[in-house]
Amino acid sequence: MSTSYARQKALRKKNKLLKIENVPLANDVEGWCRLCFGRLQPPGSVPHELKENENENGTDRQGTLPLLSIMMAMDQPAVIKVLEYHINWFEATGFSDKQGSWFYSLLVCLEKPLSPEACSTLRTLARSCSNLRASLENSDDPRLSPLNLFICIVARYFDQIDLADSGT
């Protein structure tokens, strides 16, 4: 999964293309929240008094998708830290398509073998996805496929087989 990513990152590093501005430091949770969601708090954590995609100034607050340039600029500790932030936001506010894009991109960037911290973080992600999946009321829910995908990636690709769905 991340073999071509690693090759691409090495090539970009060799050609000095990894410098990117406006990427928060790994320990800047507020900066990452603003980058990912376009505001200090993730969607669902504040009342929606404003129009869906506007802030107080009437400007767009959609945030940034996980662009390749952003992902390439992150080292492994940053990937793990930002993954932890997203899991915390997911547990506090629920799951969104944008967050699914970030989860997938962060999982692609995560290198094997896993550190104990990364393993613990992935297991928390799989459990959170499983808990939300169990609470879904029908099988047509659009969140079902990405939740299943994340559980499968954690269980199969990252070798957390005990978290895999039985019978597959």
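Helices (H or I, at least four residues) and strands (E, at least two) are DSSP runs, numbered from the N terminus. The model is predicted: local features need pLDDT of at least 70, side-chain atom pairs count only at pLDDT 80 or more, and totals for chains, interfaces and linings use all residues. Residues are numbered from 1 along each chain as its sequence is written, and side-chain values use heavy atoms, with hydrogens and water left out.

**Overall architecture**

- The protein chain contains seven helices and zero strands, and from the N terminus its elements run α-α-α-α-α-α-α.
- Of the 168 residues in the protein chain, 39% are buried (under 20% relative accessible area, with exposed over 50% and partly exposed in between; 1.4 Å probe, protein chains only).
- Among contacts (heavy atoms within 4.5 Å) with a separation of 6 or more, 67% in the protein chain are between residues 24 or more positions apart.

**Packing of H2 on H4**

- Two packed helices are described by the angle between their axes and the distance between the axes.
- The axes of H2 (residues 29–37) and H4 come within 11 Å and cross at roughly 70 degrees; axes are lines fitted to C-alpha atoms, for helices over the stretch in contact, and angles run from 0 to 180 degrees between N-to-C directions.
- H2 is therefore roughly perpendicular to H4, given that angles under 35 degrees count as roughly parallel, over 145 as roughly antiparallel, 65 to 115 as roughly perpendicular and the rest as oblique.
- On the H2 side, Val29, Trp32, Cys33, Cys36 and Phe37 meet Val82, Tyr85, His86 and Trp89 of H4.
- The residues of this contact of H2 with H4 comprise eight nonpolar, one polar and no charged (Ala, Val, Leu, Ile, Met, Phe, Trp, Tyr, Cys and Pro count as nonpolar, Asp, Glu, Lys and Arg as charged, and the others, Gly among them, as polar).

**Packing of H4 on H5**

- The axes of H4 and H5 come within 10 Å and cross at roughly 150 degrees, so the two helices are roughly antiparallel to each other.
- H4 contributes Gln76, Val79, Val82, Leu83, His86, Ile87, Trp89 and Phe90 to the contact, and H5 contributes Gln99, Trp102, Phe103, Leu106, Leu107 and Cys109.
- The residues of the contact of H4 with H5 divide into 11 nonpolar, three polar and no charged.

**His86**

- His86 lies in helix H4 and counts as buried because its relative accessibility is 0%.
- Not counting residues up to four places away in sequence, His86 touches Cys36, Phe37, Gln99, Trp102, Phe103 and Leu106.

**Helix H7**

- H7 (residues 144–157) has 14 residues and reaches 19 Å from its first C-alpha to its last, close to the 20 Å expected at 1.5 Å a residue; the expected span is 1.5 Å times one less than the number of residues.
- Leu147, Phe150, Ile151, Ile153, Val154 and Ala155 are the buried residues of H7, and these pack against H4 (76–93), H5 (97–109) and H6 (116–135).

**Backbone features**

- Most residues other than glycine have a negative phi, and most peptide bonds are trans.
- Asp159, in the segment after H7, has a positive phi near 60 degrees.
- A cis peptide bond, with omega about 0 degrees, joins Lys112 and Pro113; Pro113 is in the loop between H5 and H6.
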